[in-house]
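Here is a briefing on a predicted model. Please read it with the sequence and the structure open.

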Amino acid sequence: MNDCTTVTTSDIELERQAYRKKQSIRSVLTSIASSLIFVGLVAFGLSNSPGWPRVQESFFSAEYFAQAWPQVLDGLMLNLRVLVVAVIGVAVLGGALALIRITTSAVMFPLRVVARFYTTVMRGIPMLVVLYLIGFGIPGLGLFGRVDPAILGTVAVVMSYSAYIAEVLRAGFQDVHPSQRASARSLGLTSGQTMRLVIIPQALRKIAPALMNDFISMQKDVGLISTLGAVDAVRAAQIAVAKTYNFTPYVVASILFILLSVPFILLNDWYTAKLRSRERTGGLV
Amino acid sequence: MSESASAETVLRLDGVCKRFGSNTVLDHVSFDIKQHEVVALLGPSGSGKSTLMKCVNLLEQVDDGQIWLSDTDITDPRINMDRARARIGVVFQQFNLFPHMTVLNNVTLAARKVFKWDRAQAEKKAMSLLKRIGMDHKANEYPDRLSGGQQQRVAICRALMTEPELLLLDEITSALDPLLVGEVLDMVAELKDQGATILMATHEMSFAHKAADRIVLLRHGTIAENGTPEDVMDNSSDPETQAFFRSYHS
């Protein structure tokens, strides 16, 4: 407590503190030693495996790395653009689906059935199949002429992820305790105001870690639009590999995707830890 | 069709019934609350107290009978229920403050969003209410930083903010540490002195005896007793009523 003015520490406590300090120094040293041994073993194992020089040359070549970097980085810009548009699309479509699913009014019944069907089916189809269905099916209809594969890819990503996000949002909305709704309604708030001012803000705090996790996973899944022929980071790497028969460009693409996601992963970890510590202090949000 | 309540009757229940499936929770309950009257709703757990409170606040729909709030039949499905709810202040057992809003925003929410006051006016009123209970220095704290008693007193401020015609207090001390019960009950006594009209469900028998003008005792969803605290709690000739109050003394 900081309101103690004179701090007197007994010998027993001093001895305990000294012991704890010794213990913690020892555990730090132990973890450093074990890490060094682990890294050493992996390095030893790799460098002594018979194929290592070949693997090193075809995956970790500095020369090909430098050569592929500009094109792959260029491709990543397309991934970023797709990602931004997809996030907005998913927020709108996923939010709408979730709101439809929690309505109870009779008028909304057909929409509820459609939303239920959509989220059920969409979560069951592999992402790649959705991409093929949209990417090759829609142009096949011949309605819109030639459509940029990046746009079709974005549509597919939005359709697939909306189903997941809708379910996360719905769980969040329903997770807010019914007494909060009762309390808001008893103040005279309409059901719309209750949703907007009381339920949604609390739900978003609760599900923020899950939403961020889906966002991180979406960040790398936008790389799948390469299967439709859009020249994104993955496709650019593929092209470079096809030219040189060296796989280093894939490593380049991986590193770029990792760099893209690390800030969000750290942000997510930080926010989750913050929520947890707040819950420990007895808060509800 | 019963005639509308007279001018000074704030709440009138007329043959109110509520069933959950085959379970009849309220069976033709009728009583009045006059202006400035404090009525304590007593009864064992499961006697229908909470359900009755929820029906009055329109959180549950009655299965028969009428509830009048002054001249409005609030069980009429054609009325604006949000407006009717806004005329009644409710305080819950579990406080139910909004955890994502500061104390000040909790207290001003209904004034701003339902009654459309501007923020400055609402905050001025809220601060004076908070000041009266010595909580003005906590106005910008979040509810999780307050003790249970403080949260409950803020919840009472929130209910009082828009000067409701009737205050419903639903076992507001049941979730509190015994040491904190006193501070909340003191606040209720003060509201009574200021002329509030209150219907309170409670298990605080000595407080009910002291503060209530009238006791309504529910048993199996019907009114077993309806009279002054002395008549009901001390001098009832009904053996079941005597047994009920004795259980609180032992």
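UniProt, in an unreviewed entry, places the feature "domain: ABC transporter" at residues 11-245 of chain B. UniProt positions follow the numbering used here, feature names are shortened, and annotations may be inferred rather than shown by experiment. Residues count from 1 along each chain as its sequence is written, while chains are lettered from A and ligands numbered from 1 in the order in which they are written. In this predicted model, local features need pLDDT of at least 70 and side-chain atom pairs count only at pLDDT 80 or more, whereas totals for chains, interfaces and linings use all residues.

**Chain B: the annotated span**
- Residues 11-245 of chain B are 37% helix and 26% strand.
- The end C-alpha atoms of that span are 26 Å apart.
- Helices (H or I, at least four residues) and strands (E, at least two) are DSSP runs, numbered from the N terminus.

**Chain B: α3 against α4**
- Helix α3 (residues 103-113) and helix α4 (residues 119-132) of chain B cross at roughly 130 degrees, and their axes come within 9 Å.
- Axes are lines fitted to C-alpha atoms, for helices over the stretch in contact; angles run from 0 to 180 degrees between N-to-C directions.
- α3(B) and α4(B) are therefore oblique to each other.
- Angles under 35 degrees count as roughly parallel, over 145 as roughly antiparallel, 65 to 115 as roughly perpendicular and the rest as oblique.
- The crossing of α3(B) with α4(B) is right-handed. The term applies if the near helix is turned clockwise from the far one by less than a right angle; anticlockwise is left-handed.
- From α3(B), L104(B), V107(B), T108(B), A111(B) and R112(B) take part. They meet R119(B), A122(B), E123(B), K125(B), A126(B), L129(B) and L130(B) of α4(B).
- Contact requires C-beta atoms, placed from the backbone, within 7 Å.
- This contact of α3(B) with α4(B) has 7 nonpolar, 1 polar and 4 charged residues.
- Ala, Val, Leu, Ile, Met, Phe, Trp, Tyr, Cys and Pro count as nonpolar, Asp, Glu, Lys and Arg as charged, and the others, Gly among them, as polar.

**Chain A: domains and annotated spans**
- Chain A divides into domain 1 (10-44) and domain 2 (64-283), with bounds from an automatic or database domain assignment.
- The C-alpha centres of domain 1 and domain 2 of chain A lie 43 Å apart.
- UniProt (unreviewed entry) puts "domain: ABC transmembrane type-1" at residues 76-268 of chain A. That span is 82% helix and 0% strand, with its end C-alpha atoms 22 Å apart.
- UniProt (unreviewed entry) also lists "transmembrane region" at residues 25-46, 80-100, 121-144, 150-169 and 247-271 of chain A.
- Residues 80-100 of chain A are 100% helix, and their end C-alpha atoms lie 30 Å apart.
- Residues 121-144 of chain A are 79% helix and 0% strand, with end C-alpha atoms 26 Å apart.

**Chain A: packing on α6**
- Helix α3 (residues 62-102) and helix α6 (residues 149-175) of chain A pack at about 40 degrees, with axes 6 Å apart.
- α3(A) and α6(A) are therefore oblique to each other, and their crossing is right-handed.
- The contact of α3(A) with α6(A) has 17 nonpolar, 7 polar and 2 charged residues.
- Helix α5 (residues 127-141) of chain A crosses α6(A) at roughly 135 degrees, the axes coming within 9 Å.
- That makes α5(A) oblique to α6(A).
- The crossing of α5(A) and α6(A) is right-handed.
- The contact of α5(A) with α6(A) has 10 nonpolar, 3 polar and no charged residues.

**Between the chains**
- Contacts join 21 residues of chain A to 18 residues of chain B.
- On the chain A side, α7 (178-186) and α8 (191-221) each supply at least two residues.
- That side of chain A has 8 nonpolar, 11 polar and 2 charged residues.

Notes:
Two residues are in contact if their C-beta atoms, placed from the backbone, lie within 7 Å.
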